[in-house]
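Have the 3D view open as you read.

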Amino acid sequence: MKIAFFDTKPYDKPYFDKYGEERGVEFKYYETKLNEDTVELASGADGVCVFVNDTVNAAVIDRLSEMGIKLVALRCAGFNNVDMKSAYGRVHVLRVPAYSPYAVAEHAMAMLLTSVRRIHKAYIRTRDFNFSLSGLCGFDLHGKTVGVVGTGKIGRAFINICQGFGMKVLAYDKYPAELAGCEYVSMEELLARSDVISLHCPLTEETYHLIDGEAIEMCKKGVVILNTSRGALIDAEALLSGIKSRKVGAACLDVYEEESELFFEDFSGHILEDDTLARLISMPNVIVTSHQAFLTEEALSNIAEITVDNIVNFLSNKGCKNELCHRCTGSDGCSGTSLG
Ligand code: NAD
């Protein structure tokens with residue numbers, strides 16, 4: 001089983017080599033991302049393995065089909081970078097629905113604590129032997145209200161952490177569940193009552209720019225906005241305006257709408273062309289990490305193991321419970337339906 005592996009990073013290889021060797025999958029690693037210009041590299045492979053910022057649009061799917069490649073193995077949960085309608089009936093799309101919700105939820109809390117206790121400022125200060133506390137006053141999370149949008153695996157892990165901090169939890173989900181100590185409210189009410197808002201829903205047509213200028217207007221003054229889900233859930237220009245007007249107290253962003261050409265690469269020493277991102281990063285109350293929330297040893301190991309299992313099951317015709325198709329909107333348990 002030969003798989004062309006795109007957007008390879010050094011931390012991927014040890015885990016994919018381990019499980020690949022164990023289970024008979026040979027990975028050909030490419031540092032480049034998959035897109036219309038690089039798809040030819042997959043020639044001769046049984047499938048492609050891609051990550052969040054690879055492009056699997058209609059043109060790429062056309063070319064994969066022409067090359068006889070019927071397998072796209074995502075090594076991530078989100079699949080907004082795949083044109084599922086175009087894939088339908090032509091390529092099978094497999095994903096890793098869960099690998100460590102704790103990795104992402106803990107990163108969200110790490111960013112929140114960093115922001116509200118000004119750790120990012122203190123770290124730089126003390127390295128310069130500046131031990132002044134001036135300007136570092138934060139606030140307690142205990143007793144504050146957090147609004148969690150999307151109460152799936154990661155949202156729930158985040159809620160548990162917040163409850164451990166003594167926060168009151170409001171939630172909004174298209175499909176509410178029964179969660180102890182958690183009050184489901186409308187999106188409008190969540191915006192109006194939350195001191196902290198954390199996004200954990202997928203990016204869909206419905207959730208695109210969920211946090212826009214209008215939503216920010218409805219928020220409490222000083223709201224802290226966390227996004228560890230997908231960049232385009234937030235209208236970055238509107239967020240920037242909200243920060244400049246002091247309506248938004250702080251923002252913690254692990255994802256950014258225009259991240260695909262930037263994140264995971266080293267641009268130090270270059271002029272950043274994206275003015276919105278540059279301005280956001282320049283703000284003292286904005287923390288940006290480059291889609292790092294998943295990056296723990298446990299998550300990397302689980303991602304590799306589940307991706308290799310998906311590939312082996314699919315290529316040995318055993319079906320794959322982690323297959324997606326656009327008709328069932330990607331729910332778990334969709335098996336073998338994308339070829340109709
Ligand atoms: P999940 O499928 O378990 O949960 C998603 C939840 O969102 C579900 O409860 C669903 O009902 C809800 N939802 C769907 N549409 C909605 C809508 N329109 N409004 C409100 N809620 C809606 O997914 P998960 O594993 O918890 O992951 C959540 C997201 O986190 C993923 O979609 C992915 O984009 C992101 N993610 C980011 C990283 C990272 O490294 N930053 C890593 C993994 C996942």
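Start with strand β2, where Phe-27 and Tyr-29 form the covered face, while Glu-26 and Lys-28 form the uncovered one. Strands here are DSSP runs of E with at least two residues, helices are runs of H or I with at least four, and both are numbered from the N terminus. You are looking at a predicted model, in which local features need pLDDT of at least 70, side-chain atom pairs count only at pLDDT 80 or more, and totals for chains, interfaces and linings use all residues. Residues are numbered from 1 along each chain as its sequence is written, and side-chain values use heavy atoms, leaving out hydrogens and water.

Next, look at the neighbour of β2. β1 and β2 pair in the parallel sense over 4 bridges (pairing takes at least two DSSP bridges between two strands). Ile-3 stands opposite Phe-27 in β2.

Now step back to the whole sheet. It is open, with 6 strands in the order β2-β1-β3-β4-β5-β13 and mixed pairing. β2 (26-29) and β13 (323-324) stand at the edges with a single partner strand each, so one side of each has no neighbour in the sheet.

Finally, visit helix α9 (residues 236-244). Its buried residues (under 20% relative accessible area, with a 1.4 Å probe and protein chains only) include Leu-239, Leu-240 and Ile-243. Just after α9, Arg-246 takes a positive phi of about 70°.

Terms used
Buried < 20%, exposed > 50% of the residue type's maximum accessible area, 1.4 Å probe, protein only.
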